[in-house]
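Subject: Structure handover

Hello,

Here is the structure for you to look over. My notes on what was found in it follow below.

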Amino acid sequence: MSQGVFSYLLITLQPDNVIACFAGAMIGTLIGVLPGLGPAAAMALVIPLTLKLGPTAGLIMLAGIYYGSMYGGSTTSILVNVPGEPASVVTTLDGYTMAKKGRAGAALAVAAIGSFVAGTVSVIALQFFAPLLARTALAFGPAEYFALTVLGVVLLSNMTGSSKTRSLIMMMAGLILSTVGMDPIGGLERFSFGIETAQGGISFIAITTGLFGIAEVFEVMAAREKPLEILPVKFRELYPNREEIRRSAAPIARGSVLGFLIGLLPGPAATMASFASYGMEKSISKHPEEFGSGAIEGVAGPEAANNAACGGAMIPLLSLGLPFTPATAVLLGGMLLHGVTPGPFLLRDRPDVFWGVIGSFYLGNAMLLILNLPLVGIFAKLVRVPSRYLMPAILVLCTIGTYGDNTALFDVWVMLVAGVIGYVMRKYGYQPAPLVVGLVLGPVMERSFRQTLIISGGRVESLWESSLCMAMWGVALLAIFLPLVIPKIRAWMQGHPQNDA
Amino acid sequence: MTPRKEIVSSSVLILFSLTFLIYTTRYPLDDWESPGPAVFPLLAGGVLLLLAAWQLIRAFLAPKTSDRAVQKGSLVTSLQAFFHENQGEAKVFALTALLIAYILLMQWIGFFVSTFLLTILSSRLMEAKGWIKPIVLSAGIGLFCYSLFEVWLKLSFPRGILF
């Protein structure tokens, strides 16, 4: 590592940044523990607060919330059988069973250690791959960016929710919403209906807090609250025994690599990574029958994978300026509000922010490991806070976060409408995540599409002429057609023709 | 998702995309050499329309299954079952109405006073018992938000006749 990079990494250790990292990690852990707000909505709410801190400390805080939530999610999965966020759903399978057998401490410790190791592995990889990709991305023209965003849309639709069509529909709705406001090329005002606040575009924070925060409050309200039983854990029980450590080491290593690679793909990377790791561990285990009844590998692998995925997901954001998950989309929104433009030039223009944020991952992971083990009992008790007191607080925070973004009441109306639509969408099986990503990718997609045509003098084939573009379009086409063809081939090979569902 | 829900949601999406596409024609398309501001919205709206139509067709072609088991019994029993099933939705409706009133009141009685009232009422709506705890909670949240956002972060919130 060069002297310059090292000095930039030391930026993380400045008092402001350490405090921001600590605050972000703590807020993230709380968000992960409490069912309700996910990391994307929590980050959106905190953005106005981070503006006071400046770009480096502000973004360190936002990143801390992102990876801190992954740590927090495991605590309630193991002790209460309630995942704080979707990436920890799979941890309930073996984590809660271990807790019922009196091994809650060991499960929590392995989850925390696995998260720490994976977080560190992913940061090391991020540190090397992000600048490499950023240099490659310098060769990207508008056509390549357009192909990349199309590829992102296609891959994301394959990986979110139960229906590809519904995911694509949500993505298109996001792209449509992104066209509200100034046209990115000519500056013509579109779809703002004369509303002054809408001329600058629909507030990203209002949409995010509405779809994730307000809709969640509605959903909690519609459901009936069940009393939770929290399994006890004592500090001295936190040490896993030698056998448990031995059995966890390889799943943590595999989960770290797998999670990092999945993090590079568009979609809810952390959730996909945890499920993929669980499936992999079960398939290669000598004792697959133990999975679901308290196998430590079923905790170690997925917990490592979901944390590594957070690091992986930062690569497309930092080096290409393209977020492929809702949380990184909010982080992009935060960066833009701080006057920092992520992408190939970030490393050249703002090395302090780039390396400061990367350095904070090391620091944050260490903080989380130290804090999570002794404070695990307190975090678990937070789940007992009844929703009748928690949800009104979330409502107020959502309103303040949304209003504070532009100090515009119109945004609060947008938040409410997004909340109602988000609630109805969930009832009808539509996920909000693709819409948020579409909303962020929209301006990049439109700008690159129109620029490509303008530069080439209207030649449509310029959208796929270069070898990079062809490769990306090829992968996108494969991603569309392979899922349609493979079941037919499989059915034909088995001699049982089946209808495409 | 049941075919009935799929048909309803697809129809709403088709209506929305058609309205959007018609409205988009107000903006210039220009030509391929210099595509105008209507091109991208038309593409996105067109793809949305196709996807929604595809989903609608699939829902119609799906094997007919009853969306819910046919409930035998009197009209009163059916109505009771309906209201029991949708108790949660009634609360969501009430909270939405409360939030609308909150946003409207915000400019009149001020942000912090209306927030204080929202917290109490929403807490009560979520089955908080008594008034003391919701009032204490509301005062706590209000004080915290005022200190953090208005005093420290210097964000300005709507002021009304009271505060």
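Two residues are taken to be in contact when their C-beta atoms, placed from the backbone, lie within 7 Å. The model is a predicted one, and the contacts below should be read with that in mind.

Helices 1 and 2 of chain B

By that criterion, helix 1 of chain B meets helix 2 of chain B through a list of residues that includes I7(B), I14(B), L18(B) and L21(B) on the helix 1 side and L42(B), L49(B), A52(B) and L56(B) on the helix 2 side. Sorted by class, this contact has 15 nonpolar, seven polar and one charged residues. The axes of helix 1 of chain B and helix 2 of chain B come within 8 Å and cross at roughly 155°. Because angles over 145 degrees count as roughly antiparallel, helix 1 of chain B is roughly antiparallel to helix 2 of chain B. The crossing of these two helices of chain B is left-handed.

Helices 2 and 3 of chain A

In chain A, the axes of helix 2 (residues 15-33) and helix 3 (residues 39-50) come within 10 Å, with a crossing angle of roughly 140°. That angle makes helix 2 of chain A oblique to helix 3 of chain A. Their crossing is right-handed. The residues that meet are I27(A), G28(A) and I31(A) from helix 2 of chain A and P39(A), A42(A) and V46(A) from helix 3 of chain A. By class, five of the residues in this contact are nonpolar, one is polar and none is charged.

The interface

Between the chains, 49 residues of chain B are in contact with 47 residues of chain A. The elements of chain B that each supply at least two residues to its side include helix 1 (3-24), strand 2 (34-35) and helix 6 (132-152). Helix 2 of chain B gives the largest share of that side, 11 residues. The side of chain B that touches chain A has 31 nonpolar, 12 polar and six charged residues.

Domains and confidence

Chain B is divided into domain 1 (3-61) and domain 2 (87-152). The centres of these two domains of chain B, taken over C-alpha atoms, are separated by 39 Å.

Which helix of chain B has the lowest confidence? Helix 3 (residues 75-85) of chain B does, at a mean of 70, while helix 2 of chain B is highest at 93. Over chain B the mean pLDDT is 85, and 88% of its residues reach 70 or more. Where pLDDT is low, the predicted coordinates should not be read in detail. The model scores ipTM 0.88 and pTM 0.80.

Regards

Definitions and conventions: Residues numbered from 1 in each chain as written. Chains lettered and ligands numbered in written order. Predicted model: local features only at pLDDT ≥ 70, side-chain atom pairs only at ≥ 80, totals over all residues. Axes fitted to C-alpha atoms, helices over the stretch in contact; angles between N-to-C directions. Helix = DSSP H or I, 4+ residues; strand = E, 2+ residues; numbered from the N terminus. Parallel < 35°, antiparallel > 145°, perpendicular 65-115°, else oblique. Left-handed = near helix turned anticlockwise from the far one by under 90°. Nonpolar A, V, L, I, M, F, W, Y, C, P; charged D, E, K, R; others polar. Domains from an automatic or database assignment. pLDDT = per-residue confidence, 0-100.
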